[in-house]
Structure formats: C-alpha cells, structure tokens
Amino acid sequence: MNEFISLMKPELIVTFIIFVLLFTKLGKGVKNSSLLNLIQVLLLLNFAAGFFFNKEGSLFGGMYHTDTLIAVQKNILSLGVYLISLLFADWFKKTEHLSEFFILLLSALLGMFFLISSGNFLMFFLSLELATIPVAAMANFDLHKKISSEGAMKFILSSAFSSGILLFGISLIYGATGTISFTELPALITASPFQILAFVFLFTAFAFKMSIVPFHLWTADVYEGSPMATTSFLSVISKGAVAFIFITVLYKVFQPMQEVWYNMIMLLSIITMITGNLFALRQQNIKRFLAFSSIAQVGFILVGISGNSPEGLTSVVYFVLIYVFSNLAAFGVAATISSNTGKENISDYKGFYQTNPFLTWIMALALFSLAGIPPTAGFFGKLFLLKSGAANANYLFITIAALNLIVSLYYYLRVIRSMFMDKNEEPIGKIKVQLSTKFGMYLCAAGIVFAGIFSWVYDYIQSLM
Amino acid sequence: MLNNTYLMLIPLLPLAGFVLLGLFGRKYFKNSSGIIGTILLLASALLAIYTAYQYFFQVGKVNGFYQKIIPFQYTWLQFSEGVSINMGALIDPISVMMLVVITFVSLMVHIYSLGYMKGEERFSTYYSFLGLFTFSMLGLVMSSNIFQIYIFWELVGISSFLLIGFYYEKPSAVAACKKAFIVTRFADLGFLIGILILSFYSGTLDFNTLIERLTSPDSSQFQAAIASSFLGMSALTWGMVLVFMGGAGKSAMLPLHIWLPDAMEGPTPVSALIHAATMVVAGVYLVARLFPVFALSAPEALTLVAYVGAITALFAAVIACTQTDIKRVLAFSTISQIGYMMFALGVAGYGGEAGLGFTASMFHLFTHAMFKALLFLGAGSVIHFIHSNEMKDMGGLRKYLPVTHITFLVACLAISGIPPFAGFFSKEEILFAASQHNQAVYWIGLITSGLTAFYMFRLYFSIFWNKAPSTLERARGEAGEGGFVMILPLILLAIGAAFAGFIPFGNFVTSDGKSFEPVSHWQFSVLPVALGLIGIFIAWRMYKKENNLPDKISASFGGFYKAAYNKFYFDELYLFITKKIVFNLIGRPAAWFDRNVVNGLVNATGNTTEKVSTKIKGIQSGKVQQYGLYFLVATITMAVLFIYWWK
C-alpha cells in the first residue's frame, strides 16, 4: 500500500485535483476568477510536489513503471500545465465552463502520466486513449465557433483511425512474440518482415500523435479551430509526453531492430522538417504558423532520438523542457493578443512594439529560442539534439537538419521584424496584461534565459540516466 | 585564507549596478543612479584593497614566493577530459594589483562623473555601462582560464564600444565606436586562433596548467608544440605571437593603434577609465599573465613584443607633439606609455634580477594608471569649463581652475619622469632593464622619454599659461571646477601620482613571485632626467607665452611635421586597404556572387517552394476522409519500403 502511494504519487495528486474540481461544480458555482486562482495554486503545488520522494519501482506486475527520470519527465509536463493555467488567464476568465476544461485537461495529463510510466502495450494503449479523448473535447471549447467543432470532429475521427492501426500493430506484435510486456519483448524481437510490419503500424500511432509528416494532416485544422489553450496543450505537452514514451519504446523495446527504425526516423525526420518549414513559411495566421513551426520542431526532436544513446534521451528531455518555455510563451502572447483584440494574423502585429513593448520582448525572446539563436536556451537544446544525432556519423542527415534550422530562422525573424520594425498607422492598442499572465511570461522568459546558461540543468538530466 | 564570498563580490557589485541601473535606472533612479553606482563601487574598491592587504601581507607569501591561489572555480563547459572552460578566480600579485587599480580608478571616475555628466539625458544608462565595464574588466584580470579571459576580453570590448558611442547622436562618435570595435575585433581574431593553438598543444585551457606544461622542456606537450613548425616558427611561437596580436589590438600597439585616438569621442571620464588606465593595459596584462611562456619558451615572440612596444612608444610620442586636440595628445601619450610597458616586458627575463623588466612594467602600469587618469580627468575639467577640445581655445586657465592646474602639473611632472614623482621610479626601472638587455630599445626609450616631457609640457603651458587670463572669454558664468565631486578625484589621484613611486614594487610583483630589491643606480638616472628637463625647458620657451616660435619650428620641419600631424597617414592607409583593395577585390565580387548566384538560388528555392506548396495544398484539403486515406497509404508505403527495400 505504501509503495503504491509513493510510486503513483503524481497520478494520485492529479486525480485528487480532478476530484476537487468536480466538487466545485456541486455548489452554486464559483466565480471564474477565484476558481482560476484555486486551479493555479493546485497546479503549482502539483508541480512542487514533483520534486520530492521520487523512487524507482514497478506496480501491477510491471504494467506500471517509474523512476527518477520518469518523475522529471512528468514534472516537466506538470510545469507546462501550470504555465498554461497562468498564460491563458484572459481566455479562461471568459470561458463558460472553466472547471470542465481543467477536468478534461487534467484527465489528459493523467493519461500522459500513465503513458510515460507504462510498461506494457496494453497500458500504453489505454493511457494513450485517455490522453487523447479529453483533448478532443477541449478542442471543441470555443462553443460558438463552428470551426472549433469541426476541428474536434476531425481530431476524434483521425485519432480513432490511428488507434485502429495501433491496435492492429499491437495484436500483430502479440501474434509474433506472444507477449506485450516491455521487459519481455526485446529478447523476442528479431526484425523479421512480420515484426517490421507490426512495428510500422505501431510507429504510425506515434507519428500521428507527434504530427510527424505525412501523418500530420489533422494538425493544421485542429490547431486552427481549437482555442489557444488547447492548441498549446496539444502542441507542447502532448507532443512532449509522446516523445518521452516513444524513446522508451524505441530504445528499450525495439533496440534489436535499431537499424530499421533508425532509417525510418531519419527519413521521416527529414520530410517532417522540410514540410514543416515549407508550410510555416507561408502562414499568415499566427496559430497555423506556430502549428507548422512546431511540426518542424518535432523533426528536430527526431534528430535527437535517432542518436540511440543516453545522450539522445537526455537531449530530448532537455529540449522538451526548453520547448515548454519557448512555445508556451509564444502561444501565451498570441493568446493574450487574440482574446483582447481578436486579431490572429501576423500582419496585424506590425508596429506592435510601439504600443506593447513587454509582450513584444517576450514574443521575441520566445521566437529567438524557437529559432535556436544563442544565448537563448533554444540554441543549446538544438545543439544537443544535433550533437546526439551526429553520433551516428550520418553527416548528410545532420547537414540537412542544420540547413532546415537556417530556413526556420527566416520565418521566426519575419514575425519579430514585423513587430519591431514594420511601420503601422494603427497598431494594436495597449493591452492590459493580467497579473498571472505576466507572471507566467516572466517564468517562461527566465526559463528561456537560464535553462541555457546554467549547465547544471542539462547535467542534472544527464545524471538521471 | 582568502574569503571567497567577498572576492566574488568585487566583480559582482558592479555587475549588480549594471543590472539594476540598466533595467530600472531610467524609470526609478533617474537622479540617484550615480550615487547608487558609486556606492556599489566604493564597496567593491574597499574589498579589493582589503584583498590586496590580505594577499600581500598575510596569506600570499609562502616560503618567500607569492603563490598563485585559486580561491574558487567551477566548470562551465567540459569539452573533453582535461579541457574545460572554467569560471573562477586566479589570485596572484598582478591580478591583485590590477584589482586595486581598476576599482580605485573606476571609483574616481564614478565620483567625478557625478559632476561631469550631471544633467545628462541618459545619466543612468551611463552609470550602468560603467558598471558593466568595471565588472568585465575585473572579471578579465581575475580569470583563471584562458577562455574565460577571452570572454571577458570581448565583454570589455563591448562596454568600450557602448561608452565610446555614448553620444550616439554624433556621427563622429558612432564612427569612432564602430572603428574601435572592428579594429579590436580583428585583433581578437588573432587572439582566438592563438588560444586554439595553445590549448590544442597544451591540452588545457587552465592558465596554471598551461604555463606549467608549456614551460617545462620535458613535458610531451611542450615537445609537440616545439616540434611542429609553420613558416619557420614553431607552433608555440605562433601561438604566442597571435595571442600578442590580440593584446596589441586592445592596447593600441602599432599598427593596430588607430582606434584609440578616435575613441576620445566618448565622455572624458570614460576616456580616463577605459582608454587610459584600465582597458588599454589589458594587452600588457595578457602578456604578463603568460609571461613565463613568453620568456622561457618563445623568446622570439618576446623580442617581437619588445620591438613593437619600443617603436610604438617613439612613434606615438612624435605624433603627440603635433596634435592640437588635448584629448588626442593624451591618447597618443597613452599609446606611447603602453609601448613603454610592452617593451619593458619584452626586455625582461624570467626569475630573480633578470625579471626587473617585468616588475618595472607592472610598476609603470600602476603609476601610469594614476597620472594618466588624473590627466584625463583634468582635461575633462578644462573641457567642461571651455566647451572645446582645441588647444587654441585655451590658455591662461590657471586662475580659473586652480586645483586642476596644480594637479595637472603634478601629473605632467610624473609622466615626464621628474623625481620624486611616481613616473620617475617606474620609468627609471624600465630604462635600466632595457639598458641591461637591449641597447637599441634603450635608446628609443630614452628619446621617447625626452619627447614625452616636451609634449606634456607643451600641453600644460598651452592650457594654463600661454595667453593672458583676461584675453580668455569665459565660457559660462558658473564656477570653474564643477564642485567638490569633480575636485576630490583630482586630489586623490594627484596624491597617487606624487607618491606611488615610493611603493617598493619589487617586493610584491615579480616575474616568479620571489621578492627582490631593485638596486637603485642614481648615476644612471642622470641622463633620462636631464633629457626630461630639457624637454620641459623647450616647451617652456615655446609655449609659455603666445608667440610665433612654434609655427616657425613646425615650418622648419616641413613634411615631417605634416606627416606627424596627420598621424603618419595610418588612417588613410587603412582606408586605402579596406576601401580600395578589400572592397574592389573581395567586396565587389562577393556582392556580385551574392546578388546573382546566392540570391538566384534563394529565389529559385522560393519559387519552387511556392509551386510545391500550391501543389501539396491539395493534400491539406480539410476533408477528414482524405486524411484517413493518406494515412493508410503512407503506412502501407512505409511497410513496403522497409520490409522489401531498405534493410
């Protein structure tokens, strides 16, 4: 019993918060702003609790597995969720069903926690579904907008399709080996054609969730239709969680077919980076822009994963941490502008610096980090990803990745340029930034600056291997 | 033991000032930023002095040798086993001396600027930049790692850039800061390559280890560095020469000196701090830091240092005799004096009495900081009063600026090497070391010393005597010397300039850490002092009263005078090289290549991208059943691809 509590601590806390939020619905109803304060405090506590009493161990006959690294991964996700609760305060205060939104969000987070901890494909499948279905409901949260419902519909249909193929893959694995446990599988994997087929089916599920090209088609529609809080959750937290478990599955379970999946990752990484960049170049809507640029970022995560070494794992965890700060900051600024003025086009941002220097600086910092310009943390994140990828001595691959990095500079800087330099007769007026949003932005900015400069962040993650 | 906390505080306090004033100064501390910066620096200076006291008198000396102490250090970036960039502090006699010099002069400048920069629109920005500079400079001298010194080296360059361009509305200031930055950056390129060579062969970036490995003839690293050669010089010599190039750029040695005179566009207190007392001696400091390697393993490089220093000293002194802008005279005088320090290092040997040049160089660095800062601050008072830099607008100021007058005189006597002022002692030591070692350098030094006395007193007489006081139009009705805050630093520095020479430097700062008593040779001193007095006498004849003697003399020198007045056309030479040669032969073709080939490629990429994305836009149709279809097709393609073809 004691072990159960200590190992499942993150999940239990999230479940507890979900129940607290359910209880708030019992009474007459709480005002949004005080409810939001409560949520923020709870999520902060959840994040803080992630630092303590992390142990290694398994439960339920190996179905559930955790260790200190997994605890850190979960805590990165918790941090992201906390930041979301801060950054989108404007929208949260306006929405009609705040507690439901967070109940759904936390259910998805709970799913992700189980997902990262899963030690068995059955557990994996169940938690993946738990992490997906609530998000579809979250995508539908702009209740008055048709486009929001359309996005949610597409999301649920596409993911049902992907789940189908995933299940097919899992059953093939079971058929080929007779087991679905992560610990027993490696000995039985031989890279026979049958197993490769099964693996491809599994692979597509990951590819779908991380929106790796060509399984990314749902991304743009869903991102554009959803409220920005959902979009950011999908593009940062959800991708991070799937990347973590993806590494576990590749490095641990499918290590014997390393050569096969290395080629797959390389191929898809190149396609993903190029496609993401090509599309991001053309986008005018800031949400679509961030969506496609996040596809390109996923391509980079794949570069790190391809390293197939402890360093690969370290660099991905580190990158996701930085990505949480950078991308959420960018989304936060975009959302603040959008919920105050309704403007979501990059051309509307012209001359934004004149009226809102604070928001502009945060956005610039975030985009610099996403573009990987030193000395922001994003630079170090990309550096370590590339370094890990370079371990295979496949320099053509790394060169292509580096070239894509340069292309991405162009479109990130384009946004910064239009904010700082382009003239505009009627720039967006002065926006009053909520206190909590401001705080969240400062947190992100601090993360972007310090996670790079202080080498112990990286060293700490490395020490957990 | 040295206390780490306060050692760290020495550089961190100015940094705190930079951050605080830089972020909030303009909003919250509009008027108090000067006081805040000054108080922080005062604390830092007191700590530095306390550190010096502790180091020199209590903990530094073990068995008669001053130790190199590393009180704290942490690994910032680990490249490989043994090679890492560390951030730490290296405490030894020269770094402790520099700590005192920097914090003291910086404090004087902070105080002085309270008056000088009063009413300035960007007052707090100014103080935050000063804080940044002081922090970087302190970090530079405390560096325990050659890469750390490089980082701070660049930071110093940046703060110098910011401060030279402080009056950014003035096009000349903008041009000057750009010039300073580009020239020193160019030199730093050499420095960086030098670092890479040295660290490659020694397998470390840490100063102590590097020096130890590259000076012991048995070590494998030393053998390797000596064995490989390029263009007739060993890799080690190349490394040291390139490192010296970086130092020469920062210290404005010939031919990289061209940025320093222009740097006088910055506010005058900044010139006193950065371009006279501290930053420009960073090159000297760098050579001193690596001195064992220079002296024991790369004597050719050290000879180069000696000649570059000596020639620069003479050359700058000649130019200084002809300039009419008082700050430029001082700038060239600075270049000349740094040349002195450089050649003093160049003629020094390692250890014991042979290291006299080293001690002398550091001694001169110390005294020079005092009297040159004093000269600049004095010039600042004059400029503050007259609102002009030109000598012809001045004259007879001794009545209006009595304190400035006396302190300026002290400084002039000090720099001219007249006993018992500070410059006398350090200069005599330098000249004595040179005469023991290299006669050519010695004679150049001697001539320079006479010239120095001449141009300094030319300046002094032109400012304070020359015209009758009544002929001068008072620039403004206000009191002459800008109040207590501008007078106090002058007096304190004058005390330093007058008495710093009595410090027995040989006891503290020597090439190998062992104290020795420099023998004084009063017979030897006769000649330099006599030359100095002759220089002063000539200046007195020519400039004491307004007359046409100077014009006649300059006319008799003819072309030489004109060439010196135009600084021997170095600027024009550089312009010719950069504009005509680099521009036409490299810039233009590169521009053509860029426009036609690179742009063409980029445009082609853009157009193709455009076309491709219009084509594939069809895929992104928004129809979910199509998405499913593509999903399935992609899955099957992948399965087929990886099962049948790509194993």
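Q: Thanks! Let's start with chain B. What percentage of its residues are buried?
A: Buried residues make up 52% of the 647 residues in chain B. Keep in mind that this is a predicted model.

Q: And how many helices and strands does chain B have?
A: Chain B has 26 helices and six strands.

Q: What about contacts in chain B between residues at least 6 apart in sequence: what share join residues at least 24 apart?
A: That share is 79%.

Q: Let's zoom in on a helix pair. What is the angle between α12 and α15 of chain B?
A: Helix α12(B), residues 282-289, packs against helix α15(B), residues 326-346, at about 10 degrees, and their axes are 10 Å apart. Because angles under 35 degrees count that way, α12(B) is roughly parallel to α15(B).

Q: Which residues make that contact?
A: From α12(B) there are B:Val284, B:Val287 and B:Ala288, and from α15(B) there are B:Ile338, B:Met341, B:Met342 and B:Leu345. By class, the contact of α12(B) with α15(B) has seven nonpolar residues, with no polar and no charged ones.

Q: Switching topic: how many residues does each chain bring to the contact between A and B?
A: Chain B gives 20 residues and chain A gives 25.

Q: Which elements of chain B give two or more residues there?
A: Those are β3 (73-80), α25 (570-617) and α26 (624-645) of chain B. The largest share of that side comes from α26(B), with 11 residues.

Q: How does the chain B side divide by class?
A: On the side of chain B that touches chain A, 14 residues are nonpolar, six are polar and none are charged.

Q: Now over to chain A. How do α16 and α18 pack there?
A: Helix α16(A), residues 357-371, and helix α18(A), residues 395-420, pack at an angle of about 170 degrees, with axes 9 Å apart. Angles over 145 degrees count as roughly antiparallel, so that is how α16(A) runs relative to α18(A).

Q: Which residues meet there?
A: The α16(A) side includes A:Thr360, A:Met363 and A:Leu367, while the α18(A) side includes A:Ser408, A:Tyr412 and A:Phe420. By class, the contact of α16(A) with α18(A) has 12 nonpolar, two polar and no charged residues.

Q: Last one: is α13 of chain A mostly covered or exposed?
A: Mostly covered: 20 of the 20 residues in α13(A) are buried. Helix α13(A) covers residues 286-305 and reaches 28 Å from its first C-alpha to its last, close to the 28 Å expected at 1.5 Å a residue.

Key: Residues are numbered from 1 along each chain as its sequence is written. Chains are lettered from A and ligands numbered from 1 in the order in which they are written. This is a predicted model: local features need pLDDT of at least 70, side-chain atom pairs count only at pLDDT 80 or more; totals for chains, interfaces and linings use all residues. Axes are lines fitted to C-alpha atoms, for helices over the stretch in contact, and angles run from 0 to 180 degrees between N-to-C directions. Helices (H or I, at least four residues) and strands (E, at least two) are DSSP runs, numbered from the N terminus. Angles under 35 degrees count as roughly parallel, over 145 as roughly antiparallel, 65 to 115 as roughly perpendicular and the rest as oblique. Two residues are in contact if their C-beta atoms, placed from the backbone, lie within 7 Å. Ala, Val, Leu, Ile, Met, Phe, Trp, Tyr, Cys and Pro count as nonpolar, Asp, Glu, Lys and Arg as charged, and the others, Gly among them, as polar. A residue is buried if 20 or more other C-beta atoms lie within 10 Å of its own, exposed if 12 or fewer, and partly exposed in between; C-beta atoms are placed from the backbone. The expected span of a helix is 1.5 Å times one less than its number of residues.
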